[in-house]
Amino acid sequence: MSENASPDAIEIALRDLRYDRSWLTRGLLSPENLLRQHQDFCAKVPWSTDLEHFHINAFHAWRIMRYQFTDAEIEDAIAVLMTDTDLFSTSSLLLSLLQEALTDQQFDRILEAACSKGLGSKTAAFERFLRTWSEGIPNDEYLRASVDSGIAAIHLFLVKKCDVPWVLEALKTVGTSKEVRHVATQRLLQLQSRQRHDP
């Protein structure tokens, strides 16, 4: 640890950068990184007035140092992020964790926490849809439920990524926007043209 990492210096840095102490105690931020950030803050580097910038950088630095998260690390991240709702969107940073290799239980825990901090039910449904999709194209029952969901993000994803004709046919009519209905029509024409030219 740096010679400058005295208890007083750490307390001042925590206060000035508006970090909750849990960032240190739960391991999402090291004293060295905290003091480096505080040096930038005191030197008034171009981004130093944006405290959110420091917190986001610290979170992502912690995140990229892990390949597989333990349940305890997920709980640490949730606990720390819940303390900083006045600085940034907790739900958006929690959502960024959903891109990691997570167990189903970890995924559900993060999504639950994000929803408790204002993540909408439609966004949560889209995240669940993406997780299922990433594991292999869903079966017809799941696709039918996705079409029937009426969720714009899911419909837009399907018309651009799904090659199942009945899905595109349905979205031509029930798509949530003009864009979705138009793209569904285009994709169907492309599929039909491809089928005619296949030997």
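A residue is called buried when its relative accessible area is under 20%, exposed when that area is over 50%, and partly exposed in between, as computed with a 1.4 Å probe on protein chains only. By that definition S96 is buried, with a relative accessible area of 15%, and its place is in helix 6, where helices (H or I, at least four residues) and strands (E, at least two) are DSSP runs numbered from the N terminus. The structure is a predicted model, in which local features need pLDDT of at least 70 and side-chain atom pairs count only at pLDDT 80 or more, while totals for chains, interfaces and linings use all residues. Residues are numbered from 1 along each chain as its sequence is written, and side-chain values use heavy atoms, with hydrogens and water left out.

If neighbours within four places in sequence are left aside, S96 is in contact (heavy atoms within 4.5 Å) with F59, H60 and R63.

Helix 6 (90-97) is also one of the elements against which the buried residues of helix 8 pack, together with helix 7 (104-116), helix 9 (140-148) and helix 10 (152-161). The buried residues of helix 8 are A124, F126, E127, F129, R131 and W133. Helix 8 itself, spanning residues 121-134, has 14 residues and reaches 20 Å from its first C-alpha to its last, close to the 20 Å expected at 1.5 Å a residue, where the expected span is 1.5 Å times one less than the number of residues. Just after helix 8 comes G136, which takes a positive phi of about 125 degrees.

The place of R144 is in helix 9, and R144 is partly exposed, with a relative accessible area of 37%. Not counting residues up to four places away in sequence, R144 touches W166 and A170. The C-alpha atoms of R144 and V167 are separated by 7.6 Å, although these two residues are 23 residues apart along the chain.

Backbone angles deserve a separate look. Most residues other than glycine have a negative phi. R18, in the loop between helix 1 (7-17) and helix 2 (22-25), has a phi near 60 degrees, a positive value in a residue other than glycine, and R18 is partly exposed, with a relative accessible area of 40%. K44, found in the loop between helix 3 (31-43) and helix 4 (51-64), likewise has a positive phi, near 55 degrees, and with a relative accessible area of 68% K44 is exposed.
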